[in-house]
Amino acid sequence: MSGSSNFERRPIPPAREVREAREARDARMVNGEPRGGLTFRQVVLITAIFVVVTLLVMRSLINGLGSVEGVKGDAKAVTREAPGPADGSEQNGSNGAGEHGAGEHGAGGYDDLKLGELPPGGKYTTKGSGKFRTVGEPGKSFGEGKKKFTYVVEVETTLKASAYGGDDAFAAMVDATLSNPKSWGGDPRFSFQHVDEKKLKNGEEPDLRIQLTSTETTAKTCGDTYGIETSCNYPGERRVVLNEARWVRGAIPFEGDLGAYRQYMINHEVGHGVGHKAHKPCTREGGLAPVMMQQTISLNNAEIYKINPEEPFGHDSKTCRANPWVFPYGPKDS
Ligand SMILES: [Zn+2]
């Protein structure tokens, strides 16, 4: 019996618990739906509204950001967006470049560019201030020659160098390029020293100011006779003017190799700065182009002649390979 009474008694607590639980649930539910809360249909509806509102907010945010970018681009007007026929320099390019390339190739890519035209790529600054900030670490000296050139490295104040590693990255590239034995430092006649201008005696000026400049200042300083973005040496003020547009975009003959093109810019313009006034033609078909060849325009003599008919090599059809170095096979030993 005890077993039986146990049998009778045992289900009681669970049954009560079940009942209490059911009552508690019933208290919260009306017609099978939560009472005092929301019906299943309401939950679905609210969720749907929430999703729609979220999507709308996200869309308006995205649109908003887009217009901010647009405004920024317009208001600045100092930096250009990547390529396109609206680019002023490219319109100028067609003035000097003649007919070559125009309408000859399919749309897009390097094939569509005219001779001397700026390749597609990052933003660059058009607006110049004509003022410069000194950048980099002075101190480096290299080369064994008696003719010593002191230099400083400068960036025009309107330029934002952060897109290509900052001011110091530019200065470091100048130092690294010139101190490479394949550069002018390898010429036994020359030596170089990156100096702190403030520490020069008697207000002495450095022999070379190696500057990164806006297109406006470059055109003012170098002229834009050829109607293409160019760099130059301006000996009157001992300036080596490196066009930021080229630093960022390079040139067609270097086929996107920006590092090599930057080395070429430095070596070519400093070449003028250390006394190489004349340009050199390609002398061997398929050989490495001389650093003093105008490789920004072309690696083919006749093509350079089209843009720059003052050059003495006329319609010579030789084509070289791009080369940034003064002594591509090692330093000069004579
Ligand atoms: Zn030149």
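# Reading helices, loops and contacts in a predicted model

Tutor: Phenylalanine 313 is found in the segment after α9 (301-307). This is a predicted model, where local features need pLDDT of at least 70, side-chain atom pairs count only at pLDDT 80 or more, and totals for chains, interfaces and linings use all residues. Residues are numbered from 1 along each chain as its sequence is written.

Student: Is phenylalanine 313 buried, exposed or partly exposed?

Tutor: A residue is buried if 20 or more other C-beta atoms lie within 10 Å of its own, exposed if 12 or fewer, and partly exposed in between, with C-beta atoms placed from the backbone. Phenylalanine 313 has 17 C-beta neighbours inside 10 Å, so it counts as partly exposed. Of the 334 residues of the chain, 35% count as buried.

Student: Which residues does phenylalanine 313 touch?

Tutor: Two residues are in contact if their C-beta atoms, placed from the backbone, lie within 7 Å. Not counting residues up to four places away in sequence, phenylalanine 313 touches Pro281, Asn301 and Tyr305.

Student: What part of the contacts in the chain is between residues 24 or more positions apart?

Tutor: Among contacts with a separation of 6 or more, such pairs account for 69%. Proline 119 is buried, with 21 other C-beta atoms within 10 Å. Leaving aside neighbours within four places in sequence, proline 119 is in contact with Tyr110, Leu113, Arg249, Gly250, Ala251 and Ile252. The C-alpha atoms of proline 119 and glycine 256 are separated by 8.2 Å, and these residues are 137 apart along the chain.

Student: How does the span of α8 agree with what it should be?

Tutor: The expected span of a helix is 1.5 Å times one less than its number of residues. The 16 residues of α8 should span 22 Å, and its end C-alpha atoms are 22 Å apart, which agrees. Helix α5 has 13 residues and reaches 18 Å from its first C-alpha to its last, close to the 18 Å expected.

Student: Why is α8 described as largely enclosed?

Tutor: 12 of the 16 residues of α8 are buried, so the rest of the structure largely encloses this helix. Among them are Tyr261, Met265, Glu269 and Gly273. What covers the buried residues of α8 includes α5, β7, β8 (232-234), β9 (239-243) and α7. Glycine 275 follows α8 and has a positive phi, near 120°.

Student: How do α5 and α8 pack?

Tutor: Axes are lines fitted to C-alpha atoms, for helices over the stretch in contact, and angles run from 0 to 180 degrees between N-to-C directions. Helix α5 (residues 167-179) and α8 pack at an angle of about 65°, with their axes 10 Å apart. Angles under 35 degrees count as roughly parallel, over 145 as roughly antiparallel, 65 to 115 as roughly perpendicular and the rest as oblique. The two helices α5 and α8 are therefore roughly perpendicular.

Student: Which residues make this contact?

Tutor: Helix α5 contributes Met173, Val174, Thr177 and Leu178, and α8 contributes Arg262, Gln263, Ile266, Asn267 and Val270. An α-helix has 3.6 residues a turn, so residues three or four places apart point the same way. The buried residues of α5 pack against β3 (132-135), β5 (147-156), β6, β7 and α8.

Student: Where is a positive phi found in a residue that is not a glycine?

Tutor: Asparagine 202 has a positive phi of about 50°. Its place is in the loop between β6 (190-194) and β7 (208-213). With 4 C-beta neighbours inside 10 Å, asparagine 202 counts as exposed. Glutamate 255 also has a positive phi, near 45°, and sits in the loop between α7 (244-249) and α8 (258-273). Glutamate 255 is exposed, with 12 other C-beta atoms within 10 Å.

Note on methods:
Helix = DSSP H or I, 4+ residues; strand = E, 2+ residues; numbered from the N terminus.
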